[in-house]
Amino acid sequence: MAQVDYFQRKLDDKRRLTIPTELRAEFAGGVVVTRGFAKYLHVYPKVVWDNDVEPELKGSILDEQIADLNVQFRMGLVAGEIDAKQGRITLEQHLLDYAGIDKSVACVRVGKYWRLMAE
């Protein structure tokens, strides 16, 4: 099976994003959605958030760069589960507003996580 690195979708009326079947196992342990570095969202499998992102957000309490990263990634952070039956995740309105996403999204793999952008 080929690796999926990009997909496009339209959100349903309840702000749910359907994850392609080939990717659902990646999010089986949960999903974390945060603001990105710019006007887009990051979507992490929970295991990636726990094992790769959280350790990077720890550091000296006086390190301004670490503090700024914590604010960037924790402001509006939403953790949840993928809907096992339909393979959907719900995106909070405040995150969609931040990223300028209305209905259509483009999703691209960025290493171990995904970037969601307005299409």
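**View 1. Packing of helix 1 against helix 2 in the predicted model**. Helix 1 (residues 46-57) and helix 2 (residues 64-74) pack with axes 9 Å apart and an angle of about 140°; axes are lines fitted to C-alpha atoms, for helices over the stretch in contact, and angles run from 0 to 180 degrees between N-to-C directions. The two helices are therefore oblique to each other (under 35 degrees is roughly parallel, over 145 roughly antiparallel, 65 to 115 roughly perpendicular, the rest oblique). W49, E54, E56 and L57 of helix 1 meet I66, L69, N70, F73 and R74 of helix 2, contact being heavy atoms within 4.5 Å. Helices (H or I, at least four residues) and strands (E, at least two) are DSSP runs, numbered from the N terminus.

**View 2. Surroundings of E54**. E54 lies in helix 1 and, at 17% relative accessibility, counts as buried (under 20% relative accessible area; exposed is over 50%, partly exposed in between; 1.4 Å probe, protein chains only). Leaving aside residues up to four places away in sequence, E54 touches W49 and R74.

Residues are numbered from 1 along each chain as its sequence is written. In this predicted model, local features need pLDDT of at least 70, side-chain atom pairs count only at pLDDT 80 or more, totals for chains, interfaces and linings use all residues, and side-chain values use heavy atoms, with hydrogens and water left out.
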